[in-house]
Amino acid sequence: MAGIVAELLDILDLAPLGADRFRGESLQTGWFRVFGGQVVAQALVAASRTVPETRPPHSLHAYFLLGGDPKAPIDYAVERIRDGRSFATRRVVATQHDRAIFAMSVSYHDAEEGAVHQATMPDVPPPEDVAEAPTAAAQAARDGAVIPAPILSYFGRQRPIELRPVEIERYLRRAPRDPRFHVWMRAVDRLPDDPAIHRAVLAYASDMTLLDATLIPHGQTVFDGEIQSASLDHALWLHRPFRADDWLLYAQDSPSAEGARGFARGQIFSRDGTLVASVAQEGMIRPRRPKA
């Protein structure tokens, strides 16, 4: 495997430092801070290295404490909180430059039989009918509209995860609307069959576009120069098996924003309608303060 997906898998293969400690590097995207989804994914890999493969993770809860430096390695220290008969709990702290930048708890559970139900996948066009950002931009230009350059750059840039936003028109006509957003996503190359890799890649992708949903009712986006945004916390529940290199629908909504913080939820479905994961996140969305 070559290309940017291979680079992602490489940074997810953490170097062991001994005593439940691991070290990871960052994708060099040119951004001034480490992408939060990368730290979530690497912390999940670190925690999972201390739990038997037969006991997969079912949930994680994380806090972003400081922006990460993409040019410096990140050290992950795992604490074995509990190993029970069917559950296990781990706590991970990520540090850079002798400071904690991230903390996360992960819970693991043996497979068991039990009651089954799930939400219904929203009725949206299939990924083949949703234009990629450059194609949508060309269509918008023909219709007399323009996708702003920062948005086009974000959705069109080379990355390990392909994104196809269903409601691309929200970026064309900046008006308040119902706070719902749907994005088809998948790894851009075939992944190994190891389920742990697919879970880590999904954890990486789960931080994409979610906070932006909190600004839909206000006719704004996180790409606006006047908005200062950052993820504050992140929670992910893994419900059912999936492949992160098959199309997944990320159905997002935002029930609340208050006090310069926005709250968003996400449900992730495989294209056959199976609910594979749920996500929740709160982030800072404040007007950018003028420099003194």
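The model is predicted, so local features are taken only where pLDDT is at least 70 and side-chain atom pairs only at pLDDT 80 or more, while totals for chains, interfaces and linings use all residues. Residues are numbered from 1 along each chain as its sequence is written, and side-chain values use heavy atoms, with hydrogens and water left out.

The protein has five helices and twelve strands; these are DSSP runs, of at least four residues for helices (H or I) and at least two for strands (E), numbered from the N terminus. Its radius of gyration is 19 Å, close to the 19 Å that the globule rule gives for 292 residues, so the protein is as compact as a globular protein of that length. That radius is taken over C-alpha atoms, and the globule rule is 2.2 Å times the number of residues to the power 0.38. The C-alpha trace spans about 60 × 50 × 40 Å along the principal axes.

Of the 292 residues, 49% are buried. Buried means under 20% relative accessible area, exposed means over 50%, and partly exposed lies in between (1.4 Å probe, protein chains only). The accessible surface comes to about 14500 Å², with 51% of it belonging to carbon and sulfur atoms; accessible areas come from the Shrake-Rupley method with a 1.4 Å probe, and for residues only the protein chains shown count as cover. Among contacts with a separation of 6 or more, 70% are between residues 24 or more positions apart, a contact being heavy atoms within 4.5 Å.

Side chains of opposite charge can pair when their charged atoms come close. The whole structure holds 16 salt bridges, each defined as a side-chain nitrogen of Lys or Arg within 4 Å of a carboxyl oxygen of Asp or Glu. One of them joins Arg49 to Asp13, at 3.0 Å from N to O. This pair links distant parts of the chain, 36 residues apart: Arg49 is in the loop between helix H2 (36–48) and E3, and Asp13 is in the loop between helix H1 (4–12) and strand E1 (15–18). Arg49 is partly exposed at 39% relative accessible area, and Asp13 is exposed at 53%.

In a salt bridge between Asp193 and Arg243, the closest N and O atoms are 3.0 Å apart. Asp193 sits in the loop between strand E8 (180–187) and helix H5 (195–205), and Arg243 in the loop between strand E9 (227–238) and strand E10 (248–258), so the bridge ties together parts 50 residues apart in sequence. Asp193 is exposed, at 59% relative accessibility.

Arg265 and Asp253 also form a salt bridge, with closest N and O atoms 2.6 Å apart. Arg265 belongs to strand E11 (residues 261–270) and Asp253 to strand E10, so this pair ties together parts twelve residues apart in sequence. Arg265 is partly exposed at 39%, whereas Asp253 is buried at 13%. Salt bridges that share partners join Arg190, Asp193, Arg243 and Asp245 into one network.

Arg90, in strand E5 (residues 87–96), is buried with a relative accessible area of 1%. Its side chain reaches the backbone oxygen of Arg82 at 3.2 Å.

On the surface, Tyr63, Leu65 and Leu66 form a nonpolar patch with about 300 Å² of accessible area together. Patches are made of residues with over 30% relative accessible area and no salt bridge, with nonpolar side chains (Val, Leu, Ile, Met, Phe, Trp, Tyr) joined within 5 Å and like charges within 9 Å. Leu66 lies in the loop between strand E3 (57–64) and strand E4 (74–83), and is partly exposed at 37% relative accessibility.

Notes:
A polar contact is a pair of N or O atoms within 3.5 Å; within protein, one must be able to donate a hydrogen and the other to accept it, and residues adjacent in sequence count only if both atoms are side-chain atoms.
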